[in-house]
Amino acid sequence: MTQMTIQQAIELAMRQHQAGQFQQAEAIYRQVLAAQPKQPDALHMLGLLALQANRADIALQLIDQAIEVAPSQAGYHCNRGQVLATLNRNDEAMQSYRRALSIQPDMPEALNNLGNLLRDNKQLADAIECFRKAAAVRPDVPALWLNLARSLHQDRQVESAIGAYQNVLKIDPDNVDVLINLGIAWRQLGQFQVAAETYSKVVKENPALVEGHKNLGEVLLRLCQHEQAIEHFTRALELRPNYAPAYRGLGNAFRQTGKLDEAIDAHRRALSIDPDYVEGHNDLGYALHWSGRWEESQAEYRRAIDLEPGYAPAHYNLGLSLLLQSNLSEGWREYDWRWRAEEFALHVPQVPQPLWDGGDLQGKRLLLYAEQGFGDAIQFARYLPLVAQRGIRIILKCPDELIRLFQQLGCVDQLVGPKDQVDHFDAYLPLMSLPHIFQTTMENIPANVPYLYADIELSSQWRDRLANLPGGKKIGLTWAGRNTPDPRRSIAPELLLPLSQVKDIAWIRLQRADAGPSPDQPRLLDYSTELQDFAETAALIDNLDLVITIDTAVAHLAGAMGKTTWLLLPHLPDWRWLLDRDDSPWYPTMRLFRQPEPGNWALPIQKVVEELKKPWAR
């Protein structure tokens, strides 16, 4: 063959190769090699044929011969990497892909293949860089965007992952798997309405997709659209009667609507289908918890942990149950698993510094950060002096609304807002892990109050404003938190009308203006528009005789200030208020008024009225 004839022959063989006519292609490649034994393209393509025939060992020999002749062909090195990956020689495969990229830096196949190996090797940052470069070169290839999206998602870069998923959908708008993953990502960001819209599209276009109905039901639960959620769980079960996850979802829907017996039955149905269903045991435990069946509940959590020792939600729920029952030692240990659960994991700081384990940090800088609500930060600020006593320099990151209040703490070296960048510190810890670090038990809770104080100047200003109020006592009132739809943390304003029976009281609204309407109480003084942060609220509380509140941040603030506080609690309270007691070991100046059964606010409010009428309260 002449050189032109050889080139034509190779091109013909490659066309047949691409058309799946492998025998004809192989015959031509071998004819070329018979005429020119070291023809690199023929050796290379014959190697690819061997790989497709599951003869990776022969493929490697042939491609190595091609590279020996033409070492600067990036495609040869890229395909050599593919052969090595098939042989599970991944380190060598990565070397081949990198060699290809040293020759052709923007080669999308090598970038994508190297990215896949890096992702499998948990080198997510490098994998993401590869996929980004590949997608930039070939933005019309959905698989490249999908690999980027999955890697970003795995690396908890959820917002960036959403962008990459959306790029896939621009090319392939009906890709069900991508839509489902996109819905999961929206859920993780707390964007439940957008997630619901995404899943709604899935089930509209794929009405027989069981997983679509189940996922939509779960998101609708987060939106408190219980009846619609039940419809989709039921539809999933019609499509697949023995689908345990749909029974689990149904059980959660029943629990959230107060149908605890039906919830327990649905979860047991799920477990009858799959006795080793880890999530099913956990959720059955939670339904039993809400039924007040503590021992059974904890047994289910422990069963989930036995089946999957690293299953964080079961550890976390077990911790909450143990803390509620005053078992603080084991409770704190289990509660620290919250950071591996989905709802918390995205908020773990991505920093190189280690998590503080309670070891020696004398003279070093510890970043403590408020991880959950305002009340949680206020409650656990009590531990900051204990940290400082160890000679540790404290950096405290907290919501903007708490900064002026926490400026009164003398033990904090640096106070920063949630968006402030902090680079120079030696270790970090979420604020609510301090009780575990200090091995807090019922006997040694640091309950010296006050540990938070009002600003003297602000307090003086409020004292002047309240000086001429009519009535004998000045009482602050809070009946709802910011999440007013939660019936456990809000009271309908009309239920508070019995308080107006008590004479000679000036009632003062202590909650923000965005926390619901005021009761129809003519003597309620409303300063809510002026309470822009907790320093202002603390200054107002400092001038009151009593605070009456539902379980909100105001309760923690008043308790931390040592103010006499009466707390209205639901039948099943948050863990920190414990069970069957009318006092709090966390706040010595606080009294607890509990619902006798779920939803009954009338009785605790009536008890408050009776106490207000007693001479000692006057």
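Biologist: What should I know before reading the numbers?
Modeller: This is a predicted model, where local features need pLDDT of at least 70, side-chain atom pairs count only at pLDDT 80 or more, and totals for chains, interfaces and linings use all residues. Residues are numbered from 1 along each chain as its sequence is written, and side-chain values use heavy atoms, with hydrogens and water left out.

Biologist: How many aromatic pairs does the structure hold?
Modeller: There are 17. Rings of Phe, Tyr and Trp (its six-membered ring) pair if their centres lie within 6.5 Å; planes under 30 degrees apart count as stacked, over 60 as edge-to-face and the rest as tilted. One of the pairs is Trp332 with Trp575, edge-to-face at 5.5 Å centre to centre and 90° between the planes.

Biologist: Where do Trp332 and Trp575 lie?
Modeller: Trp332 is in helix H20 (residues 328–335) and Trp575 is in the loop between strand E9 (565–569) and strand E10 (590–594), so the pair ties together parts 243 residues apart in sequence. Helices (H or I, at least four residues) and strands (E, at least two) are DSSP runs, numbered from the N terminus.

Biologist: Are those two buried or exposed?
Modeller: Trp332 and Trp575 are both buried. Buried means under 20% relative accessible area, exposed over 50%, partly exposed in between (1.4 Å probe, protein chains only).

Biologist: Why is the pair of Trp462 and Tyr527 edge-to-face?
Modeller: Because the planes are at 80°, with the ring centres 5.1 Å apart. Trp462 sits in helix H26 (residues 456–466) and Tyr527 in the loop between strand E7 (524–526) and helix H27 (534–541), 65 residues apart. Both are buried.

Biologist: Which charged ends sit over rings?
Modeller: Among them, Arg340 has its charged end over the ring of Trp337, 4.0 Å from the centre, and Arg382 has its charged end over the ring of Tyr587, 4.8 Å from the centre. The criterion is NZ of Lys or CZ of Arg within 6 Å of the ring centre and within 35 degrees of the ring normal.

Biologist: Switching to the open sheet of 4 strands, what is the order?
Modeller: E3-E2-E1-E4, with parallel pairing. Strands pair if DSSP finds at least two bridges between them. Strand E3 (414–416) and strand E4 (427–430) are at the edges with a single partner strand each, so one side of each has no neighbour in the sheet.

Biologist: How many bridges join E2 to E3?
Modeller: 3, with E2 covering residues 393–397. Lys397 has Val416 in E3 as its bridge partner.

Biologist: Last one, why does Asn147 count as buried?
Modeller: Because its relative accessibility is 10%. Asn147 lies in helix H9 (residues 142–154).
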